[in-house]
Amino acid sequence: MSMTLSDDGLRGPRFYAAVATLVIAIGMASLDTSIANTALPTIAIDVNASAADSVWVVNAYQLALVISLLPFASLGEIIGYRRVYIWGLVVFTAASLLCAVSWSLPTLAAARVVQGFGASGIMSVNTALIRFIYPSRSLGRGVGNNALVVGVSTAVGPTVAAAILSVGSWQWLFAVNVPLGLIAFLLAMRVLPETKRSPHRFDVASAALNALTFGFLIFGIGEAAHSASVAVTGTCLGAAAIAALLLIHRELGLTAPMLPVDLYRRPMFALSSLTALCSFAAQGLAFVALPFYLQTVLGLTAVQTGLLLTPWPVMTALLAPIAGPLSDRYPPAILGGMGLAILCVGLALIASLPAHPGSFGLVWRMMICGAGFGFFQSPNLKAIMSSAPPERSGGASGIVATSRLVGQAVGAALVALCFGLSVRHGPALALALGAAFAGAGSLVSFSRLAARPVTLPVPGRVKRTGQERA
């Protein structure tokens, strides 16, 4: 059922149904980036795989996701965000069923690759669709709700996994996506709007270079996190750097580049993207280091750890919807800078905990971190999306998801480095490094107050186009 684009968002029941399908889909895709981590030991035993090999259950999903985000965002500009989203939802749901019926590590890893591509179809255009579903005056509220779902889904992944595993097998981690995916699909087919399409063609060469760049980058970071040799890690990161240079060289002359170098000429967009990268690196450091700190250093159980981590997503859930509407009235540079400053303070307080802290001392520090992260997310998302013209919403949406995944991967790798320096003090060192990233992100956020808008060239006035270069 084809739906036309509203002049300024959707109205009435159709609006709420469109929001519902986005919430369900982005919640599932975000949850599945972390939910499998908790079940890895169980999966490894069940499929008779080693612990090292079982990591591919996570790596396969992340690699497929990150190499295809920007290509799918570009495809959304060409064939419509609605179509990419729906196909992504179909692939993700079908792949979730394949994961649930997998009988070996190779079949599960292959299904996770397909699931990662489906999740990429959802994530790559999710934020772009928000721009066409919410009225322009409520864009901040829209990205606030989106930030809430993404942040909470990512944070509660281990808790949800533990709850499911307590009553069922690991296959149910993936099977629960099937009915939710079907509901989201039916809603999407009925209510999502059609959006204006760009006339440029899909650039296959850029997509290949993008896949090489981010594929080698994430694989190299993952290898570093698992203590691979310097030669392997260096080769991967070196290949990523070469592919990135070739990609940037190709993109510089295109009117609608897949890697949105045109948008990076806008100071607000560039600074907001850098702020996002810093924030998610801080989050990645915290979410990987905290369980080790609570269980290894403090000697708490897995259940106690889950309960003590809960205040973070709870406060994020409370603050994100408040920060969203505020970003419609106040500069995102100030709101985002304040949020990351609060996160910086919270992480520094946790890193400097005494040897035997009480539960209350941990809880209120977690609440500070969650409040800061929740207060930052929505304004920064709005700054990224509103600094891009509507016809480049796909590129901006792709950068939102890419910044999140790359930042989290960098954070996880740095935790491994901290543990390599000191097993006992590694978690505290990682948390201190997370505070440093949050502090740096806060400074970058405040620097946006001096950013001036930049007018990009009108499409068609650049000599080289995607069609000519393809």
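In this predicted model, the second largest cavity holds about 70 Å³ of space. Its lining is formed by Val19, Leu22, Val23, Ile26, Ile130, Tyr134, Gly142, Asn145, Asn146 and Val149. Helix H1 (12–31) and helix H7 each contribute at least two residues to this lining. Sorted by class, the lining of the second largest cavity has seven nonpolar and three polar residues, and no charged residues.

A search of the whole structure finds four cavities of 30 Å³ or more. The largest cavity has a volume of about 80 Å³. Its lining consists of Asn146, Ala147, Val150, Ala276, Phe280, Gln377, Asn380, Leu381, Ile384, Val400 and Arg404. Two or more of these residues come from each of helix H7 (139–155), helix H13 (267–297), helix H17 (359–386) and helix H18 (393–421). H17 supplies the largest share of the lining, with four residues.

| Cavity | Volume | Classes of lining residues |
|---|---|---|
| Largest cavity | about 80 Å³ | seven nonpolar, three polar, one charged |
| Second largest cavity | about 70 Å³ | seven nonpolar, three polar, no charged |

The report now turns to a pair of helices. Two packed helices are described by the angle between their axes and the distance between the axes. The axes of helix H5 (residues 81–100) and helix H6 (residues 105–133) come within 7 Å and cross at roughly 150°. Angles over 145 degrees count as roughly antiparallel, and H5 and H6 are therefore roughly antiparallel to each other. Their contact comprises 18 nonpolar, six polar and two charged residues. The crossing of H5 and H6 is left-handed.

Methods: Residues are numbered from 1 along each chain as its sequence is written. This is a predicted model: local features need pLDDT of at least 70, side-chain atom pairs count only at pLDDT 80 or more; totals for chains, interfaces and linings use all residues. Side-chain values use heavy atoms; hydrogens and water are left out. Axes are lines fitted to C-alpha atoms, for helices over the stretch in contact, and angles run from 0 to 180 degrees between N-to-C directions. Angles under 35 degrees count as roughly parallel, over 145 as roughly antiparallel, 65 to 115 as roughly perpendicular and the rest as oblique. A crossing is left-handed if the near helix is turned anticlockwise from the far one by less than a right angle, and right-handed if clockwise. Ala, Val, Leu, Ile, Met, Phe, Trp, Tyr, Cys and Pro count as nonpolar, Asp, Glu, Lys and Arg as charged, and the others, Gly among them, as polar. On a 1 Å grid over the protein atoms alone, a cavity is a set of points where a 1.4 Å probe fits but cannot get out, and a pocket is an open set with protein on both sides within 12 Å along at least five of seven lines; lining residues have an atom within 4 Å of a point. Grid points are joined across faces, edges and corners, and a volume is the space filled by probe spheres set on the points.
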